[in-house]
Amino acid sequence: MLEFKQRHLLGIQNLDVSDIMTILDTAESLAEISTREVKKVPTLRGKTVVNLFFEPSTRTRSSFELAAKRLSADIINFSQQGSSVVKGETLKDTVLNLEAMNPDALIIRHSCSGAPYFVSTFCKSHVINAGDGSHEHPTQALLDAFTIRQQKKSFKNLRVVIVGDILHSRVARSNIFLLQKVGAQVTLVGPPPLLPAEFNNFGAQISYDLDRALEGADVIMMLRIQKERQEANFFPSIREYRNLYCLTQKRYSLANKDAIIMHPGPINRGVEISSEMADSVKSVILKQVENGISIRMAILYLLLGGKERETAD
Amino acid sequence: MRLLIKNGRVVDPSSGIDETLDILVEKGKIVDLRAKIESNNAQVIDASRLVVAPGFIDMHAHLREPGQEDKEDIRTASLAAASGGFTSLCAMPNTQPVNDNRGVTEYILSEANKRSRVNIFPVAAITKNLKGEELTDMADLFSAGAVAFSDDGRCVQDSLVMRRALEYSNFLQAPIIDHCENSSLSQDGLMHEGFYSHLFGLKGIPSSAEDIMVARDIILAEAANARIHIAHLSTRGSVYLVREAKKRKVKVTAEVTPHHLVLTDSALENYSTNLKVNPPLRGQDDVQALLDAVKDGVIDVFATDHAPHTQEEKDVEFDRAPFGINGLETAVSLLLDKLVNKNIISLPRFIEMISTRPAQILGLKDKGRIAPGADADLTILNLHKEVVVDVHLFLSKSRNNPFHGWKLKGAPTMTIVAGKAVDPCS
Amino acid sequence: MDEKIKARVMDAGKIKRSLDRMTTEILERNRNLKNLVIVGIRTRGIYLGKRISQQIKELEKIDIPVGVLDITLYRDDFAELETQHMVQKTEIDFPISKKDVLLVDDVLFTGRTIRAAMDSLFDLGRPQSIQLLVLIDRGHRELPIRADYTGKVLPTSRREIVQVKLMEIDETDEVLITEPAKLE
């Protein structure tokens with residue numbers, strides 16, 4: 001029997017290790033569906049899922065959409081551009097209006113940290129966080145963990161290096177929380193303004209020197225760097241960033257043999273990662289995308305399956 | 001006409017009195033103060049087992065009138081104040097329109113005269129429209145009735161403008177109340193920058209944003225030999241700077257809010273917008289430094305920074321909510337419970353900080369003390385009364401108060417303004 | 001839940017003889033063995049399916065592939081489950097379109113599991129035919145489903161539980177009828 005008692009997926013911080021393993025194991029079983037000719041099972045037939053995306057995203061949104069459809073759920077997409085939010089409707093009113101149509105789950109991506117938690121305090125549906133501000137992106141961390149497990153089998157003492165704009169990255173935070181829980185060792189690398197010292201208290205090591213940090217690394221996770229950060233003086237120029245923090249062949253050879261290369265996408269070729277490395281055999285970037293669907297199917301299955309439970313906790 | 005308050009423990013730090021005395025009030029003034037006054041023709045109030053203090057003065061409150069009466073107005077703010085034990089309020093100028101001209105000051109005073117149950121003292125803006133560029137007609141505003149100047153809500157970023165403001169207000173003998181915030185460091189920040197802001201994924205406001213302006217304005221005040229009052233101190237860096245400045249005899253005074261003494265940034269875990277305030281709730285070290293400064297006199301005044309907002313404005317995702325905590329109706333109980341009843345400060349020290357010193361700083365000679373000839377503004381306290389905070393019973397229009405449900409020991413039981421007990425419910 | 005063993009209706013010997021007999025029946029009915037594939041329903045259907053494939057290999061020297069089917073995602077009571085079931089992998093590495101599929105399960109009861117299994121097979125391909133082999137048929141059908149090959153017909157009451165134990169995971173071969181201990 002399954003012991004998954006969460007009502008929502010708001011963040012990795014709310015999950016314990018057994019929840020995480022249940023999600024990964026379920027994803028593994030569901031992955032086979034995407035290889036069939038008829039990529040569908042009837043499990044969530046009749047359930048309605050709403051994609052509530054207040055930030056532009058094609059990849060995460062379509063990943064959730066495919067996941068829902070493969071489980072035979074109905075899904076509708078609500079994005080900020082073509083909606084009443086532009087007319088000044090509050091998030092709360094938007095959600096309450098959607099809830100009047102009886103959805104089973106709301107998948108929310110929002111630029112404000114804490115927005116999915118805020119929604120969960122007044123809505124009746126299950127809430128899935130597809131990324132809130134700089135706070136968490138739990139399904140990304142789960143699919144990253146799934147990918148790592150496929151390649152490396154075990155997390156214990158695995159050396160993971162995460163590189164880039166840590167300060168603003170919800171992907172980094174969720175990954176730090178998850179990898180800590182499963183026993184991996186995390187080193188964070190980036191330019192000092194994007195990597196405050198307090199991240200030491202998250203249980204991760206900090207380094208500003210990518211070459212040093214790559215020694216002994218088993219997993220190299222590169223994060224996207226945004227131009228706006230350079231304009232805000234977080235680093236002086238793309239040129240300087242590339243010189244210090246771009247993953248090149250030369251840098252890669254400092255890591256452990258068989259180190260895998262990851263990136264949540266979309267990648268800036270030639271900025272945080274060279275084309276050569278993005279396309280190398282050690283890159284699992286495309287696998288991450290594929291695994292995203294399995295993980296999101298697992299989340300939908302675990303949250304929406306079974307009898308509607310009273311709110312856990 | 002005549003009021004006799006009997007048997008109360010009268011505590012007046014300005015004279016050092018702390019004993020059981022009777023107080024006789026007539027025509028809005030205190031006329032007699034001694035043990036066992038006879039009660040001929042006076043309405044008697046029995047203050048046995050209660051503390052009678054000079055009326056509390058809140059140097060920092062936002063009344064939102066004119067312009068934002070959906071959040072609060074002069075009348076409801078005064079009811080909230082009276083309910084909270086305050087007999088006088090300073091009205092900050094960031095209204096709509098800004099109180100940067102005589103017309104708005106006179107409007108506030110005239111409306112207060114008609115509709116307020118407590119004394120209202122307008123604080124006028126330092127710069128026109130709070131833009132930080134041109135000084136207001138400070139002398140004119142002062143003669144219209146402004147008691148101090150502030151750009152609160154904003155901070156004058158241009159050092160030259162601030163220098164001139166200090167020089168000019170100095171000759172008027174009116175203090176500048178300084179909201180210290182360097183806007184390029186604090187820009188877009190939502191909570192205190194530190195471990196918790198990184199954990200919650202919220203943009204941080206570093207302590208340095210406050211410390212830098214505290215340092216700058218102490219230096220400018222020192223150079224101009226002018227007075228400066230630092231509003232809502234929140235960091236240990238600021239405490240250090242004020243302490244050192246006082247040692248050098250700079251004419252600096254400082255205030256602190258109750259919420260900065262009882263809450264820290266870790267409380268923002270649930271993204272509650274009732275905890276979103278500027279300056280933000282800081283870390284444990286900062287709170288400790290503020291408490292030490294309250295104890296040793298580096299901080300002079302308790303003020304609420306009462307900042308009412310409508311429920312619709314606060315019932316949104318964290319980024320979009322306006323900054324501000326409603327404070328008039330919880331301040332005194334919080335301070336009595338968390339500071340006086342926990343023996344962090346004595347009762348006379350508390351009263352000094354919430355009545356004596358504000359009156360002195362604002363130059364209100366007949367307030368903040370209990371003596372024949374002084375105004376009959378009195379606050380009566382029950383140190384043992386247990387209350388449970390219920391925001392739904394607030395007299396303020398606003399409900400953005402984070403202390404709902406808190407059990408506190410100590411509360412005001414009566415507020416007397418100009419010799420009349422204020423019944424806020426009538 | 002405490003259980004009381006009421007009867008031991010098959011031992012290792014009886015199970016073997018049933019499987020042997022059913023294998024003979026399969027060979028009689030399926031002329032074109034090259035077109036036959038076996039799909040075992042998790043969990044014990046897998047091991048029964050493998051034993052049959054092994055038996056056929058010994059008799060006819062032909063390898064009949066065995067796949068594993070997990071029917072959790074096709075259950076019709078999915079929305080009513082008090083506790084969810086852990087979904088495990090379906091592993092069928094061969095095509096089933098145009099094949100004669102032999103579905104294997106340990107116990108046939110209401111017939112719902114078999115209905116779910118057939119829905120699942122049709123999502124994987126278009127079999128030429130589906131035959132059903134079960135070790136025990138305990139009655140109480142709720143759907144029009146019947147087995148082509150039955151090890152033993154066992155009349156039971158609804159309350160009773162039929163437990164099939166197989167050496168591969170239970171350390172013994174036997175079939176038991178048990179009953180939940182009476183509630184106090």
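A pocket is an open set of grid points with protein on both sides within 12 Å along at least five of seven lines, and its volume is the space filled by probe spheres set on the points. In this predicted model, the second largest pocket has a volume of about 1,200 Å³, and the largest pocket has about 1,600 Å³.

**Second largest pocket**
- Its lining consists of 32 residues, and those nearest the centre are C:Arg42, C:Arg75, C:His85, C:Asp106 and C:Thr113.
- Strand 4, helix 3 and strand 7 (161-165) of chain C each give two or more residues to this lining.
- Strand 7 of chain C provides the largest share, with 5 residues.
- By class, the lining of the second largest pocket holds 12 nonpolar, 8 polar and 12 charged residues.

**Largest pocket**
- The largest pocket is lined by 49 residues; A:Ser134, A:Asp165, A:His168, A:Gln226 and A:Arg229 lie nearest its centre.
- Two chains supply helices to the lining: helix 2 (59-70), helix 6 (170-181) and helix 8 (227-231) of chain A, and helix 5 (183-186) and helix 6 (195-200) of chain B, each with at least two residues.
- Helix 6 of chain A contributes the most to the lining of the largest pocket, namely 3 residues.
- Domain 1 (17-136 + 290-304) and domain 2 (138-284) of chain A each give at least three residues to the lining of the largest pocket.
- The lining of the largest pocket comprises 16 nonpolar, 20 polar and 13 charged residues.

**Sheet of chain C**
- Chain C has an open sheet of 5 strands in the order 3-2-4-5-6, with parallel pairing.
- Strand 3 (66-69) and strand 6 (149-153) of chain C are the edge strands, each pairing on one side only.
- On average, neighbouring strands of this sheet are turned by 25° against each other, direction ignored.
- Strand 2 (residues 36-41) of chain C pairs with strand 3 of chain C over 4 bridges, in the parallel sense; C:Gly40 has C:Val68 in strand 3 as its bridge partner.
- Helix 1 (residues 12-29) of chain C packs on the sheet and touches strand 2, strand 4 (100-108), strand 5 (129-137) and strand 6 of chain C, with its direction at about 150° to that of strand 6.
- Helix 3 (residues 112-124) of chain C lies across strand 2, strand 3, strand 4 and strand 5 of chain C, and runs at about 155° to strand 4.

**Contacts between chains**
- There are 2 pairs of chains in contact, and chains A and C share the most contacts.
- Chain B and chain C do not touch, their nearest C-alpha atoms being 30 Å apart.

How values were computed: Residues numbered from 1 in each chain as written. Chains lettered and ligands numbered in written order. Predicted model: local features only at pLDDT ≥ 70, side-chain atom pairs only at ≥ 80, totals over all residues. Heavy atoms only, no water. Pairing = 2+ DSSP bridges. Axes fitted to C-alpha atoms, helices over the stretch in contact; angles between N-to-C directions. Contact = heavy atoms within 4.5 Å. 1 Å grid on protein atoms, 1.4 Å probe; cavity = no way out; pocket = protein on both sides within 12 Å on 5 of 7 lines; lining within 4 Å. Nonpolar A, V, L, I, M, F, W, Y, C, P; charged D, E, K, R; others polar. Domains from an automatic or database assignment.
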